[in-house]
Amino acid sequence: MKLNILWLNWKDIRHPQAGGAEIYTHQIAKRLAKKGHQITLFTSQAKDLPKQEEIDGIQIIRQGKIIGIHNTVYQHAKKYIIKNQDNYDIIIDEINTKPFMTPKYTKKPITALIHQLAKEYWFHKTPLPIAIIGRYILEPYWLKQYRNIPTITVSQSTKQDLQQLGFNKIHIVPNGLNYKPLEKVPEKDEEFTAVFLGRITPTKNPEHAIKAFLEYRKTTGKGRLIVIGQGEQLPKLKRKYREPYIEFTGYVSEKEKREWLTRAHVLLAPSIREGWGQAIIEANAHGTPAIGYDVPGLRDSIRHMKTGILVPYGDIRAMAKAMTTLSGNQELWRKMAENALQWARQFSWDKSAEKFEEIVSYIVLKSQPWLGSYNVTSLLKQLL
């Protein structure tokens, strides 16, 4: 059964602020397109990007802008759906803080895709009192409209958050990998090397990683930190931390990123929360354990004392101590590195796309009135 799918997301893979959610969207969508499904991604238009283009078989339509909470992509999406909904079998409403509110203006089958709740993000991204209103009024109100909508998420942590809000039709489809993990733990740099990988933005707490590393240096007097990524905090952090053993790479290619992950001994992950933690599994695939905060998402992707170490949120000294432990205990570090490789082998975008396809196809089939009393699950197995 081939579907015509309308996918809504506020950013696409080419947007300058694209992150883990956009990687997930693109990797799943391009595989669905390869399977013969028609995929239209409706998203915002960033500077220098065309209004329409095709990438990896995905038809991308860009309208509206991202301007804080009140960005215009949502209004444009509403108009597009009202005019074109009859062309689609199902709508995927990808929710990044603010939903597209599709249940209010379409009767088409809908699947919500929610990577994580914003919660603490409000206080890092918006000023008071907007942060309080957003955290305790807006977000719960918006998501209330989706409680009975079939929902896909990426981790057990987000599933639990959604269940607390009354969601009752939740499926987990985890992030994947584009490549096979290494066959064995590679030779690492002679000098202990820690890596931070992610957007250089307050919600990722890159400065926590830097401070933890500096605390580690006080104890050991050795090692270096590689900060990989770009974002609004990068210029400030580069001015503030000029130590020769801290390197800011800015944006790097996929090849360079994989080279750094291969050479690094540990990945530092001090985010306030994650949907899953794509960087964790990418590091694990190169035999690199992670040290991260014990927060939603990271506590799913990091298996404590097996593939890495979880420390209390905001405890910079605990993160430094974890680095000291791993750098000083080669046997423990190697066991975690080997476990990390084993853990990473469980994830692939191909497997995730297959599961995603099954869920979406089931939702479309179940919505058809002509099915009557047929066993939908049995019929689905016959058709797919």
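The model is predicted: local features need pLDDT of at least 70 and side-chain atom pairs count only at pLDDT 80 or more, while totals for chains, interfaces and linings use all residues. Residues are numbered from 1 along each chain as its sequence is written, and side-chain values use heavy atoms, with hydrogens and water left out. Helices (H or I, at least four residues) and strands (E, at least two) are DSSP runs numbered from the N terminus, and two strands pair if DSSP finds at least two bridges between them.

On its other pairing, β6 runs parallel to β5, with five bridges between them; here D93 stands opposite A112. Strand β6 covers residues 110-114, and five of its five residues are buried (under 20% relative accessible area with a 1.4 Å probe, protein chains only; exposed is over 50%, partly exposed in between). I110, A112 and I114 point one way from the strand, whereas T111 and L113 point the other way.

## The sheet as a whole

Strand β6 belongs to an open sheet of eight strands with mixed pairing, in the order β3-β4-β2-β1-β5-β6-β7-β8. The edges are taken by β3 (52-55) and β8 (170-172); each has a single partner strand, so one side of each lacks a neighbour in the sheet. On average, neighbouring strands are turned by 25° against each other, direction ignored.

Axes are lines fitted to C-alpha atoms, for helices over the stretch in contact, and angles run from 0 to 180 degrees between N-to-C directions.

Helix α11 (residues 316-328) has 13 residues and reaches 18 Å from its first C-alpha to its last, close to the 18 Å expected at 1.5 Å a residue; the expected span is 1.5 Å times one less than the number of residues. Its buried residues are I316, A318, M319, A320, A322, M323 and L326. Their cover includes β9 (193-197), α6 (206-220), β12 (266-269), β13 (290-293), β14 (308-311) and α12 (330-344).

The axes of α11 and α12 come within 5 Å and cross at roughly 100°. The two helices are therefore roughly perpendicular to each other (65 to 115 degrees; under 35 is roughly parallel, over 145 roughly antiparallel and the rest oblique). T325, L326 and G328 of α11 meet Q330, L332, W333 and M336 of α12. These contact residues divide into four nonpolar, three polar and no charged. Ala, Val, Leu, Ile, Met, Phe, Trp, Tyr, Cys and Pro count as nonpolar, Asp, Glu, Lys and Arg as charged, and the others, Gly among them, as polar.

## Backbone features in loops

The peptide bond from L128 to P129 is cis, with omega near 0°. P129 is placed in the loop between α3 (121-125) and α4 (130-144).

Positive phi occurs at D48, about 75°, and at N205, about 55°, although D48 is not a glycine and N205 is not a glycine. D48 lies in the loop between β2 and β3 and is exposed, with a relative accessible area of 69%. N205 lies in the loop between β9 and α6 and counts as buried at 8% relative accessibility.

Methods. Contact = heavy atoms within 4.5 Å.
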